[in-house]
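Hi everyone, thanks for making time for this one. I'd like to walk you through a single chain, starting at its surface and then going through its side-chain pairs.

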Amino acid sequence: MQVLSGMRAGLLAIAALVGAVSVANADDGTIRIRIFKAGFIIGGSAGEGVLTFQGRSYPLSIGGLSYGFTFGASETRFHGTVSNIRRPSDINGVYGQGGAGAAIIKGAQGIVLANQSGAVLSLAGEQTGLIVSADLSGLVLSLK
């Protein structure tokens, strides 16, 4: 019986070590994206960007939908960091958010988003256009 509990404790220790090593292997990158958003009640967004990770650049494709109160159109240019990724493809996925905002000619934006793989985007930028929104939205990022 003591042998089994000793083995169980050893396996738990190995699992904890592997988990710690995989988090330690995560790296950061930088990102620049441009998103166009337009809508009336239901909105849509599309854009493109570049992920820079471990000295290489990877083009990105961006799309999304929003539902709630959205009226107008805007362009937002974001720059920031991507954290907790091990390879460029970890950025692929759906990033969800709920929020409210408005831009009349120009406005500042700042958001933090995460996907199902644990990638975290910390973005800041400037929005131009005429848009008012209070909605739930999903943004899909993928490598081209």
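**A nonpolar patch and its surroundings**

E2 gives the most, with 4 residues.

Before I go on, a word on where this comes from: it is a predicted model, with local features needing pLDDT of at least 70 and side-chain atom pairs counting only at pLDDT 80 or more, while totals for chains, interfaces and linings use all residues. Residues are numbered from 1 along each chain as its sequence is written, and side-chain values use heavy atoms, with hydrogens and water left out.

Now the terms behind that patch. Areas come from the Shrake-Rupley method with a 1.4 Å probe, and for residues only the protein chains shown count as cover. Helices (H or I, at least four residues) and strands (E, at least two) are DSSP runs, numbered from the N terminus.

Stepping back to the whole chain, there are 1 helix and 4 strands, in the order α-β-β-β-β from the N terminus. Of the 144 residues, 31% are buried, where buried means under 20% relative accessible area, exposed over 50%, and partly exposed in between (1.4 Å probe, protein chains only). The accessible surface is about 8400 Å², and 65% of that belongs to carbon and sulfur atoms. As for contacts (heavy atoms within 4.5 Å), 71% of those between residues at least 6 apart in sequence join residues at least 24 apart.

Tyr-67 lies in strand E2 and counts as exposed because its relative accessibility is 58%. Phe-40 is exposed too, at 60%, and Phe-71 is partly exposed, at 47%.

How many aromatic pairs does a search of the whole structure find? It finds 1. Phe-40 and Phe-71 have ring centres 6.0 Å apart and planes at 75°, so this pair is edge-to-face. For the cut-offs, rings of Phe, Tyr and Trp (its six-membered ring) pair if their centres lie within 6.5 Å; planes under 30 degrees apart are stacked, over 60 edge-to-face, and the rest tilted. With Phe-40 in strand E1 and Phe-71 in strand E2, the pair ties together parts that are 31 residues apart in sequence.

On to charges: the structure holds 4 salt bridges, each a side-chain nitrogen of Lys or Arg within 4 Å of a carboxyl oxygen of Asp or Glu. One of them joins Arg-34 and Glu-75, whose closest N and O atoms are 3.5 Å apart. That pair links strand E1 to strand E2 across 41 residues. Arg-34 is partly exposed at 28%, whereas Glu-75 is buried at 19%. Glu-75 also meets Arg-77 in a salt bridge (3.2 Å, N to O).

Another salt bridge brings Glu-48 and Lys-144 together at 3.8 Å, N to O. Glu-48 is in strand E1 and Lys-144 in the segment after E4, 96 residues apart.

That's my tour; happy to take questions.
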